[in-house]
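Below is a short briefing on a structural model, arranged by topic. Please read it alongside the sequence and coordinates.

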Amino acid sequence: MVDAQQLVRLLQATAGGDQKAFAELYTASSSHLFGLLLRILKRRDWAEEALQDCYVKIWQKADTYAPDKGAPLTWMMTVARYRALDLLRVKRPEVEMPEDEDGVEIGFADESSGIDPEARAMEGEGLGRLEGCLEGLQEEQRKSVLLAYYEGYTHQELASVLDAPLGTVKSWVRRGLQRLRECLGE
Amino acid sequence: MKYQDATVKRMLAAEYVLGTLHGRARRRFERLARERADVQAEVRYWEDRLARLQHRFKPVTPRAVVWAAIEREIGVDKVVSLDSWRAPAAEASTARSPRWLQAWAGMATAASVVLSFALYREVNRPLPPPQLVRVEVPVAQPLPYVAMLHPQGVDAEWLVTVSPERKLIRVSASGKYPINRSSECLELWVLGEDGKPRSLGVLPNDGSSDLPMPRGVSMPKDPTLAVSKEPIGGSPTGAPTGPVILATPAQRVS
């Protein structure tokens with residue numbers, strides 16, 4: 001497990017231009033960012049490009065990290081996820097679904113096959129309140145939100161994978177998020 | 001869009017963080033978020049809540065080549081921006097370049113079009129053996145190695161140019177090689193003088209890609225490029241583990 005305190009120290013040293021600290025930061029965190037990027041982008045070459053972009057950005061913007069932005073790894077993974085989404089829209093502008101007939105899923109923490117992403121996302125611990133709130137959603141709403149989160153799907157891609165009209169899918173996402181907001185509170 | 005409306009603002013922030021807000025609406029929202037603290041707070045709210053889903057991403061160790069590229073970018077070559085580092089090999093010298101070089105540049109940039117056309121003509125005919133692409137004009141500056149990778153009996157090919165001096169490998173894919181993209185990939189190798197394969201990276205399924213030349217890999221005098229089928233993300237061992245689908249010589253353009 002990555003030690004958050006240590007990462008905060010490394011980030012602060014990186015902000016001061018310490019290349020050795022930056023290298024340690026990379027060693028401690030890159031596999032987490034890369035796993036996320038590979039999962040969303042599905043291609044190693046894109047994920048590697050994105051990973052490089054992320055760490056160059058982290059090197060340049062380490063000083064903008066403040067502990068009130070959340071745990072350092074969470075912050076870096078959020079940076080990575082946005083980078084992945086941007087890259088995905090540029091590189092995969094049209095609907096292109098992964099060929100997934102045999103149920104092989106890449107990049108999830110449990111490699112037990114045959115369990116779909118939303119089911120996997122519901123298992124395990126640490127989701128706490130979010131888990132409870134997700135369980136409170138209608139199945140389609142929950143699926144839509146989790147697939148958008150983990151796969152980076154657009155509305156169009158969700159409509160295709162869930163085999164539902166675009167308008168319906170948009171409303172699943174919107175209502176799902178609305179209900180989550182109500183359930184999670186401030 | 002009425003950004004003043006609190007409900008709309010909340011929903012846009014949620015969809016922005018989730019990723020379902022795209023294109024111009026996404027860019028517009030980013031601009032708004034930069035200016036408005038209340039919008040920023042809403043974005044932060046969702047980032048914080050949805051981040052709890054992050055632990056489901058399985059960590060995967062990246063190849064050493066990525067760190068090498070990052071080091072290069074922030075370290076010794078700090079003056080070289082990402083864009084110039086990635087600039088196409090030919091663009092730097094288009095202004096007064098000899099005609100052959102322009103021809104080569106044109107070929108590289110329009111490769112997918114040319115290849116698509118070539119494939120269109122080749123449909124339903126037996127595919128020719130791997131061919132070399134040669135440009136026969138001598139020059140002072142080092143030119144890339146070029147090879148056309150063309151697997152037998154499959155409607156797919158890749159134009160590969162390797163520029164060791166630029167530490168850049170450019171690949172243009174055409175057609176589709178039948179693999180299961182969620183679990184497999186095609187990896188490009190160069191056979192060294194010692195006959196041992198060294199990875200040059202994973203081939204794109206389509207379009208053009210620039211791959212950084214892995215550190216420590218050099219091009220032998222008469223290089224052979226090979227492609228093998230590997231698990232997604234590339235060979236776990238650093239050597240080919242799956243079937244080799246083709247091997248073809250690469251020629252230094254001279």
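This is a predicted model: local features need pLDDT of at least 70, side-chain atom pairs count only at pLDDT 80 or more; totals for chains, interfaces and linings use all residues.

**Strand pairing in chain B**

B:Val190 has B:Arg198, in β5(B), as its bridge partner.

- Strand β4 (residues 184-191) of chain B runs antiparallel to β5(B), and 5 bridges join them.
- Strand β5 (residues 197-202) of chain B is largely enclosed by the rest of the structure, because 5 of its 6 residues are buried.

**Nonpolar cores**

- The largest nonpolar core contains 36 residues, and A:Leu33, A:Leu37, A:Leu41, A:Leu51 and A:Ala84 have the most contacts inside it.
- At least two residues of this core come from each of α1 (4-15), α2 (19-41), α3 (44-61) and α4 (72-91) of chain A, and likewise from α4 (64-74) of chain B.
- Helix α2(A) supplies the largest share of this core, 10 residues.
- Leaving aside residues up to four places away in sequence, A:Leu33 touches A:Leu51, A:Cys54, A:Met76, A:Met77 and A:Ala80.
- A second, separate core has 29 residues, including B:Ala147, B:Tyr177, B:Val202 and B:Met219.

**Contact between chains A and B**

- On the two sides of the contact, 51 residues of chain A meet 46 residues of chain B.
- On the chain A side, two or more residues come from each of α2, α3, α4, α5 (117-122), α6 (128-135), α7 (139-151) and α9 (166-184).
- The element that gives the most to this side of chain A is α2(A), with 10 residues.
- By class, the chain A side has 24 nonpolar, 15 polar and 12 charged residues.

- A:Lys42 sits in the loop between α2 and α3 of chain A.
- A:Lys42 counts as buried because it has 22 C-beta neighbours inside 10 Å, and the cut-off for buried is 20 or more.
- The loop between α8 (155-162) and α9 of chain A holds A:Asp163.
- With 7 other C-beta atoms within 10 Å, A:Asp163 is exposed, since the cut-off for exposed is 12 or fewer.

How values were computed: Residues are numbered from 1 along each chain as its sequence is written. Chains are lettered from A and ligands numbered from 1 in the order in which they are written. Helices (H or I, at least four residues) and strands (E, at least two) are DSSP runs, numbered from the N terminus. Two strands pair if DSSP finds at least two bridges between them. A nonpolar core is a set of buried Ala, Val, Leu, Ile, Met, Phe, Trp, Tyr and Cys residues joined through C-beta atoms within 7 Å. Two residues are in contact if their C-beta atoms, placed from the backbone, lie within 7 Å. Ala, Val, Leu, Ile, Met, Phe, Trp, Tyr, Cys and Pro count as nonpolar, Asp, Glu, Lys and Arg as charged, and the others, Gly among them, as polar.
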